[in-house]
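I'd like to walk you through one chain today, so let me put it up on the screen.

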Amino acid sequence: QVPLEDHVIYSGNLFQYIEENKKWRNRFCVVPHNYGLVLYENKLAYEREMPPRVLVNSAGYKILTSVDQYLELVNSSLPGVTPKSGHSPILKCPTDFPLILWHPYSRHYYFCLMTGKEQEKWRAVFQDCVRHCNNGISEDSKVEAPAFTDAVRMYRQAKEQYGTWDMLCGNETQVLSNLVMEELLPELRTTIGPRLKGKAQERQRTWIQISDAVYRMVYEQTKAQYDAAVAKCEQERPQMESIIRTDMDQIITSKEHLASKIRAFVLPKAEICVRNHVQPYISSILEALMTPTSQGFAEVREVFFKEVTDMNMNIVNEGGLEKLVEYMEKLSHLAFHPVKMQSCYEKMDQLKLEGLQQRFDVSSTSVFKQRAQIHMRQQMDDAVYTFETLLHQELGKLQGKDDLCKSIQRILERVLKKYDYDSSTVRKKFFREALLQITIPFLLKKLAPTCKGELAKFQELIFEDFASFILVENTYEEVVLQSVMKDIMQAVKEAAVQRKHNLYRDSMVMHNSDPNLHLLAEGISVEWGEENSGQPQPEPPADKRRRAKQVVSVIQDDEGVLPYEVGAEGLLQPRSPEPQEMEELEPGVMPSSPDGVEKIREELAKESLGDGVEEEEEERLTNDASPSPQPRADVPSEAKVPHATPPSPAPRAGTPSPSASTACHQPSDKETGEGVVAPLHRTSTTESSEGVQTEF
């Protein structure tokens, strides 16, 4: 579905702490479709299209709900500077319901609410913003994104930093800035920390401001240099592609020769390491991952079932088809409703690797939590899309309210059966990726003392003309991957054979499959708002037919208006989209992982052939939190459909209809510093003469 640029995700009032005058002020906060946080003086200023006070890109931030949590992080950021007991802390909250955005390098933002219910809602919204902004590296390219993440990972590995990294979030410039700050901040702390004057609280405030100022300087310089590097790559690309096409056979032959030599040297050592240090723990890691992840997907199923069942009951009680459009419009945004999806997301908070985390040097589980949560959102969106498309096909055959309710129930059962198998496939893939991300860095670190220093001698096996296309380091990692891949595949397969956590084997088939599902392949998105308008729907342009990842939702609270007008009336009015903003989002493909290589595809193909079922095309793994949207697929109309591959859903098309002149101003992509497709940009935070803060 093309992003609905004429809506926002959430809006309402909250209190913000203004550091300049050390006072709390009421602010009207808007979260537009690009998940930026936009703060206005008040709702009237927003309606009059006045410039916002603050623009925030939340990539890399943590959401804190306790002042004590915040003070603990602040005290640890500047060792030796801790306020004495009895002295006032750096921050006091006027209510018992704070909401703090904390970043290790950038400035912090302080909010508070009047009730715990408001706090929970805004926390869910802020977490959705962080989750989206963290995934800031464009997934459109199969070349640039994996090349970038590989480069970052290898840079850190050269400094003996293996494993996942929490600050691999945001767009490329933000990631590079985080990389610089990771090395620069300790030096700054040592140099500047002892020179700070004043009380402990003042020194802490000063240190936060210094860190933010340095971070902005680093960001600006990094952006200029990164843009120059990308431009240089683009200039060299045609010549490189020409060489690749001309010499492909020789390149492949040279690569295979190099791989055989490295395999003979590395594989025996790697297999011993796997047998002694990895293999005994794979089942424990898998169990720790399966429990919370499967609970989260089960909750997605429950939420979807409840929403559709409630809709069906309301249709019975309130008038049938007339109310269907209204309910389906709400249901279509369910996957992107932060509050309703929160019960699914929070299941991943139970993920704890405990002793395994220390053994395998996993700094944090947040990478895995976030990826699983985005998979949940995608599966919910798939289920909703399948349901609304099948229901739309049935509308012309229905005779009355009773037929409608029976049809809804029948379609719901079909969609839930499809969801069970699709979610099984998605979870198995997620488990394989997570196991690789945990074990591969551990193996590389273990093998480094005996293997890393010997890799240089293999460089002479590569022709100079092919040195840009065949890298010894990458080939070495492929061999290490092969050493553990079989054990990981076997562990996940055994879990499916035993039907643990509702996992299915790839050879399972879904009986009595819905013959109408094949129609999803050619369908376009259902415009429920126009169903009863009587106006024929315009034929969408050919380039808009493909279903793109939905990136916007509208929250309409059914529980009445909360204090500070957080509710349905807080939604923005439609805005006429700019022509250049109406770009189509291609269904994303997960970028190649630092750990992902072609060999994994061969292994997956062999594994699935053993079951006599064609395995789903394996996307490369990522070493960051970036998920890959699962393309929605049609299900063939045969009675038995293999479920190794979740049906590829139909491309959903349609563009937001431009509205007339608008009463409310919606922040444009330029204002928020973010685009629908382009990576999110963070600009420096400054105070202009008009007192307007701008955020990078």
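Before anything else, a word on terms: when I say contact, I mean heavy atoms within 4.5 Å. What you see is a predicted model, where local features need pLDDT of at least 70, side-chain atom pairs count only at pLDDT 80 or more, and totals for chains, interfaces and linings use all residues. Residues are numbered from 1 along each chain as its sequence is written, and side-chain values use heavy atoms, with hydrogens and water left out.

Helices (H or I, at least four residues) and strands (E, at least two) are DSSP runs, numbered from the N terminus. On that basis the chain has 15 helices and eleven strands. Of its 696 residues, 54% count as buried, where buried is under 20% relative accessible area, exposed is over 50% and partly exposed is in between, with a 1.4 Å probe and protein chains only. And if you take contacts between residues at least 6 apart in sequence, 79% of them join residues at least 24 apart.

Seven strands make an open sheet in the order 4-3-2-1-7-6-5, with antiparallel pairing; two strands pair if DSSP finds at least two bridges between them. Strand 4 (54-56) and strand 5 (62-64) are the edge strands with a single partner each, so one side of each has no neighbour in the sheet. From one strand to the next, the twist averages 30°.

Now look at strand 7, residues 109-113. How many of its five residues are buried? Five of the five, so strand 7 is largely enclosed by the rest of the structure. Tyr109, Phe111 and Leu113 point one way, while Tyr110 and Cys112 point the other way. On one hand, strand 7 is joined to strand 1 (residues 8-18) by two bridges, antiparallel, and Phe15 has Cys112 as its bridge partner. On the other, five bridges tie strand 7 to strand 6 (residues 97-102), again antiparallel. Phe97 sits opposite Leu113 there, and strands 6 and 7 make a hairpin with six residues between them.

Strand 3, residues 37-40, is covered on both faces: Leu37 and Leu39 are buried on one side, Val38 and Tyr40 on the other. Three bridges link strand 3 to strand 2 (residues 23-32), antiparallel, with Cys29 opposite Leu39. In that hairpin there are four residues between the strands, and Tyr35 takes a positive phi near 65°. Strand 3 also has three bridges to strand 4, antiparallel too, and Val38 stands opposite Leu55.

On to the helices. The axes of helix 7 (residues 248-318) and helix 12 (residues 401-451) come within 6 Å and cross at roughly 160°. Axes here are lines fitted to C-alpha atoms, for helices over the stretch in contact, and angles run from 0 to 180 degrees between N-to-C directions. That makes the two helices roughly antiparallel; the scheme is under 35 degrees for roughly parallel, over 145 for roughly antiparallel, 65 to 115 for roughly perpendicular and oblique for the rest. The crossing of helix 7 with helix 12 is right-handed, meaning the near helix is turned clockwise from the far one by less than a right angle, with anticlockwise being left-handed. What's in that contact? It divides into 36 nonpolar, nine polar and six charged residues. For those classes, Ala, Val, Leu, Ile, Met, Phe, Trp, Tyr, Cys and Pro count as nonpolar, Asp, Glu, Lys and Arg as charged, and the others, Gly among them, as polar.

Zoom in on Phe304, which lies in helix 7. At 2% relative accessibility, Phe304 counts as buried. Leaving aside neighbours within four places in sequence, its contacts include Leu334, Met380, Val384, Phe387 and Leu412. Phe304 and Val384 are 80 residues apart in sequence, yet 7.8 Å apart in space, C-alpha to C-alpha.

Arg153, Met154 and Gln157 of helix 4 meet Glu473, Asn474 and Glu477 of helix 13. By class, that contact has one nonpolar, two polar and three charged residues.
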